[in-house]
Amino acid sequence: MGLPAIPIVSDPGLDETVKELTPEKIANVVNRILDNETAARFKVYMKTCVHCGLCSDACHWFLSNDRDPRFSPVGKVKQTLWEIIRRKDSLNPAFLKECSRIAHTECNVCRRCSMYCPFGIDIAYMIMVVRRICSELGMVPQFLQDTVNSHSVTQNQMWVKQDEWIDTLQWQEEEARGEIKTARIPLDKEGADVFYSVIAPEPKILAQLIGNIAQIMAVAKVDWTMPSFDGWDNSNMAMYSGDFETMGRVERYHHEAALKLKARRIVMGECGHAFRGAAYDGPKWLGWRQPPIPLIHAVDFYHELITTGRIKIAKKFETPVTVQEPCNIVRGRGLGQKLREIIAATCEDFRPPDPDFEHNYCCGAGGGAINCGPPWKTSRVKGNRVKAEQLAATKAKIIITPCHNCHSGIEDIVGGYKLGMHVKFFSEILMEVMEIPDEIKV
Amino acid sequence: MYEFVSGPLVWIAFIVFVSGMVYQFVTMLRSAKKDKVIYPYMSLKYSLRSLFHWMIPFASRNMRARYEVTIVTFLFHICLILVPIFLLAHIAMFEFAWGLKWGALSQVAGTYMTIIVVLASLFFLIRRLMMPEIQFVTYPSDYLLLAVAAAPFFTGLAANQQWFDYQTTVVVHMITGSVMLMVIPFTRLSHMLFFPFTRAYMGSEFGAVRNAKDW
């Protein structure tokens with residue numbers, strides 16, 4: 001078909017592992033996963049897909065790579081699963097390496113394609129089956145596997161030790177008290193209204209976000225707590241690598257930490273994939289119909305604080321803003337409307353993106369893609385040109401991204417395509433516009 | 001030959017079709033039990049909401065974006081289902097065999113609807129050949145399935161218009177019709193059976209679990 005060659009990226013996670021694979025090992029894993037782990041959905045989807053290609057236009061990878069058919073959702077399934085099934089017992093190691101590249105680094109499992117398939121085939125689920133097979137064979141990009149190893153050993157994504165965690169919280173409490181007298185980060189408080197959890201990159205590299213939340217909680221007079229022990233990290237990269245055993249363990253720790261503190265509900269920081277793990281993928285794997293205690297995303301929480309008047313807006317944010325609607329909370333939880341409402345309440349000049357709400361394009365970083373690390377950054381940024389064009393068309397200056405993956409992914413795109421825009425979490429906007437009563441001001 | 005294709009072959013085709021569909025349906029329900037999320041997540045309200053949006057032309061975003069495919073697909077499927085059931089010649093056969101009778105399409109409507117199926121098949125074929133993203137995921141079986149679906153309509157039209165030797169065309173028509181019926185349950189033509197269920201599950205998950213739309 002005369003398609004351009006896909007640049008070769010060296011990644012020790014794949015290049016070294018491939019040397020240890022044999023056709024027998026591969027066949028063992030493939031047969032085990034396909035015979036024992038996949039059931040109705042997988043089989044029915046395989047029988048139902050009529051190869052119509054109508055899912056193609058849903059995918060930012062396909063659109064951004066000049067409509068290269070290898071990047072269409074069904075194209076990715078064809079290059080991986082269809083081949084796996086066709087050549088079940090004679091799969092060579094090099095092919096598995098291709099599968100990992102496609103499934104781990106060139107799909108964000110954002111599920112936009114599910115909204116384009118006339119039959120409602122969950123193509124992201126099919127890609128997750130491929131990741132599961134790859135993960136069972138150790139075929140995972142190195143940076144992604146490293147975060148999974150960290151989850152497995154330390155119960156958090158970034159090798160944060162318990163003393164470092166507590167130390168960071170105390171440091172941020174001090175910072176917050178520099179602004180607001182009553183700001184506290186209550187540790188291990190039993191029976192609090194809110195159990196607040198974050199992703200591990202917050203204490204590791206974005207600690208001021210925790211200081212910010214301490215100020216927001218103080219202004220809104222929220223009865224809250226954070227655990228001093230494991231289970232504070234709500235992120236979950238094992239969910240995306242295909243290591244579902246570790247994924248289940250991480251989710252259980254998170255929910256159990258909140259249960260141990262007898263919290264009334266869990267409020268999760270501004271992260272989409274973490275929410276996906278805690279709200280559905282984790283419970284599904286653990287066999288829970290629902291998470292054991294109510295769990296809400298930060299957007300939901302801010303909406304509640306603003307609409308009930310617990311936080312008042314002193315002055316609206318003036319710079320033109322647009323929004324990146326994270327797949328896992330908008331397409332994944334229907335929070336699009338609430339997100340619009342909190343932006344309307346806090347910002348003067350909102351420029352909606354097109355398409356938006358459930359149909360907004362993925363940031364290109366989610367689904368574990370950004371966690372595959374620097375080797376894959378070039379292809380990732382290239383694979384999301386449509387996002388850059390969409391953002392540029394809004395002519396906004398600030399992009400609000402209530403999700404860590406979106407935040408980092410959009411920053412890469414802003415840099416890569418020289419958009420001259422800035423990315424902010426919603427909490428950063430809130431910090432600038434909320435009214436701080438004089439009696440608690442330092 | 002005519003006796004065989006209009007008698008036992010039709011019987012065989014219907015038996016294979018019905019029992020094949022029942023087999024696929026039962027297999028699906030049983031494996032859905034193994035797939036632990038299906039039954040707990042299924043919701044009638046959201047299943048119907050999703051089906052509603054995907055069975056009305058242009059009620060979903062993708063259908064609006066690909067309007068030509070939407071128009072052709074709807075016409076193709078409507079005609080493909082109605083013509084075999086409501087064609088006067090078919091009803092006459094049923095009446096002759098079992099004494100059953102129901103309302104028929106007019107001759108002109110039947111002919112035009114058959115032409116629509118044939119032209120739509122041609123549209124799908126051209127689309128498959130011309131568009132790189134479809135060509136890339138096309139196997140020989142895709143052409144074969146299209147041919148299987150189009151053949152009874154083309155031969156039916158040929159018989160009706162007496163283009164070739166009538167007796168031969170009718171025999172070929174009956175054979176291709178029977179083949180199509182028989183392969184439906186065992187090929188991707190089984191989307192006829194699975195479509196409401198895959199759509200319903202996706203609608204349920206998007207609606208009940210994810211509080212979002214899936215169109």
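Analyst: A residue is called buried when its relative accessible area is under 20%, exposed when it is over 50%, and partly exposed in between (1.4 Å probe, protein chains only). Keep in mind that this is a predicted model, where local features need pLDDT of at least 70 and side-chain atom pairs need 80 or more, while totals for chains, interfaces and linings use all residues. Residues count from 1 along each chain as its sequence is written, chains are lettered from A and ligands numbered from 1 in the order written, and side-chain values use heavy atoms, without hydrogens and water.

Now for the pairs. Side chains of opposite charge can pair when their charged atoms come close. A salt bridge here is a side-chain nitrogen of Lys or Arg within 4 Å of a carboxyl oxygen of Asp or Glu. Over all chains, that rule gives 41 of them.

Let's start with Glu83(A), which bridges to Arg87(A), their closest N and O atoms sitting 3.4 Å apart. Glu83(A) is buried, at 13% relative accessibility, while Arg87(A) is partly exposed at 27%.

Next up is Arg132(A), which forms a salt bridge with Glu136(A), again with closest N and O atoms 3.4 Å apart. Both partners belong to helix H8 (residues 123-136) of chain A, four residues apart, so about one turn of the helix. Helices, by the way, are DSSP runs of H or I with at least four residues, strands are E runs of at least two, and both are numbered from the N terminus.

Arg264(A) bridges to Asp193(A), with closest N and O atoms 4.0 Å apart. Arg264(A) is in the loop between helix H14 (244-260) and strand E3 (265-268), and Asp193(A) is in the loop between helix H10 (162-177) and strand E1 (194-197), so the pair ties together parts of chain A that are 71 residues apart in sequence. Arg264(A) itself is exposed, at 52% relative accessibility.
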